[in-house]
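The sequence and structure come first.

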Amino acid sequence: MSETFADLVACEDVLMFVNAAITSTGQREFHHGSGEQRLSLEFLHEYMLENYRDMYAAVLALDVNDHNAAIIIRNLLVRAGDVGVEPRRGEGRLIARRLETLPPQRVYRLFRDLRRRGVNNRRTRAIIRDWMAGRRDPAFDSVKYRTAVKDAVRHAHLRLRGEQPAFLFAPSGVKAFQTPLYEQWRRAHYEQAAIYELPYTVAEGFAAKHKIPREVFLERIQHRMTRLERLRLQESAREAKVEAVRADLGEMPLTRLASYVLALPLDDRARRRAELSQALRTAARRVAGAARGSWGRVTAVLDDSYSSLGSGEKRRRPLAVALAAHYLLEALAKEYTPLWTSGRTDELLVYPSGPTPLGHRIIDALETGPERLLIVSDGWDNAPPGLAADVLRVWRTRLDPGHRRAPGQRVMIVHLNPVYDADDFDVRRLAPGVPTAGVRDAEDLPTLVELARFAEGRVGLPKLRAHLSDRTARFLGERA
């Protein structure tokens, strides 16, 4: 049975929102300011909540970014009374599971937002209570996120045990804590040695209070840093001649590592070529896992034009996604050909520059005879404008109609866009016949390629619902 027009519209609406929820964080992009981004994103959230609430909640099971996951959770809790008991239970399971995956600082920020909005129903209090009860180290949270924990405790009317109430609300009345971390915090007010047993972000405040020289502080606190803190501080520590602060680059998330590499001067990248290349390939192989070498012949068109610079808030983020995707596709493919829009061939030395000749690069890519063609770009084809759309249209309508599967004829083409277009409420597309999906982290590339098939119009709403149900079941651990 053919789908109704309403089903087609619903499918497009949901995919549009998923793309936005993956790529947009409400921050400034190269072509749009933060105000435009936030306004556009807020409209989409309200539209989805009002019209497709069940699928809106199911999006929590997809690879949407933390910013939008928190907004979805907040909106579901604010409008909890709009649905019946059973849907609320399903939403509650999704919310609880997604909270487990969010960074704790993001969760505490969400709880403070709920408090500010006066959302204090029984369901909200239970979700806060259960999440905080599941924290592995409550003492650590109490020290590192002390003000946020106090707000959550007050808002949800939580009953605390042990020394936690005294530490949070009346620490000055305690002469000595039995909990080691609480005691280190108390002693750090007057004893410098105690600072170095605290979490880095807490210790940093005490170091400023005691006027400890930066190089001394970094040298002695490095054992308390997280791996991302090490990565973020490694270069400033090196400038301060503190060699002890070293990150194991091979353990870093792929896209985060790509951002770190691109932030280095070109001379440093060239000098550390072996180290950086090895780290990027190690991270890519870890993401690829058992799928290494299973994608056949792959050609990628990778955008390193000037717009890949991003913005002051998301510096070089589009280029970082392209660089990370390059290394991941290299690991996934049996045969791999990368084509950068600038024409460069040394991926480690790419930098944002020049126009975006996507059309020419797509022609070059198709000439390599790939089984898969992936385009990682913000979609602003401008050298000349519109050539990419014409090339893809001719390819799909005349040279490869019906996506033939005969050897040498069928090419799977997917456009992955790391930038949200606030004007169109979606990521910018290259051509109607080519599926486009938003991407924030290259690590999500394999699942996004699967999701992109729905955007092609060949798979309708029933199958999209089935896909969301399957992803939800896997996310909740209800299916092997």
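## Salt bridges

Glutamate 191 is partly exposed at 25% relative accessibility, and arginine 187 is partly exposed at 24% (buried means under 20% relative accessible area, exposed over 50%, partly exposed in between, with a 1.4 Å probe and protein chains only). The two form a salt bridge whose closest N and O atoms are 2.4 Å apart; the term requires a side-chain nitrogen of Lys or Arg within 4 Å of a carboxyl oxygen of Asp or Glu. By this rule there are 33 salt bridges.

Aspartate 346 and arginine 273 form another, with the closest N and O atoms 2.7 Å apart. Aspartate 346 lies in the loop between β2 and α19 and arginine 273 in helix α17, so the pair ties together parts 73 residues apart in sequence. Salt bridges with shared partners also join Glu46, Glu50, Arg79 and Asp82 into one network.

## Model basis

This is a predicted model, in which local features need pLDDT of at least 70 and side-chain atom pairs pLDDT 80 or more, while totals for chains, interfaces and linings use all residues. Residues are numbered from 1 along each chain as its sequence is written, and side-chain values use heavy atoms, without hydrogens and water.

## Sheet

Five strands form an open sheet in the order β2-β1-β3-β4-β7, with parallel pairing (pairing needs at least two DSSP bridges; strands are DSSP runs of E, at least two residues, and helices of H or I, at least four, numbered from the N terminus). The edge strands are β2 (335-340) and β7 (436-438).

Strand β4 (residues 412-417) is joined to β7 by three bridges, and leucine 416 stands opposite alanine 437 in β7.
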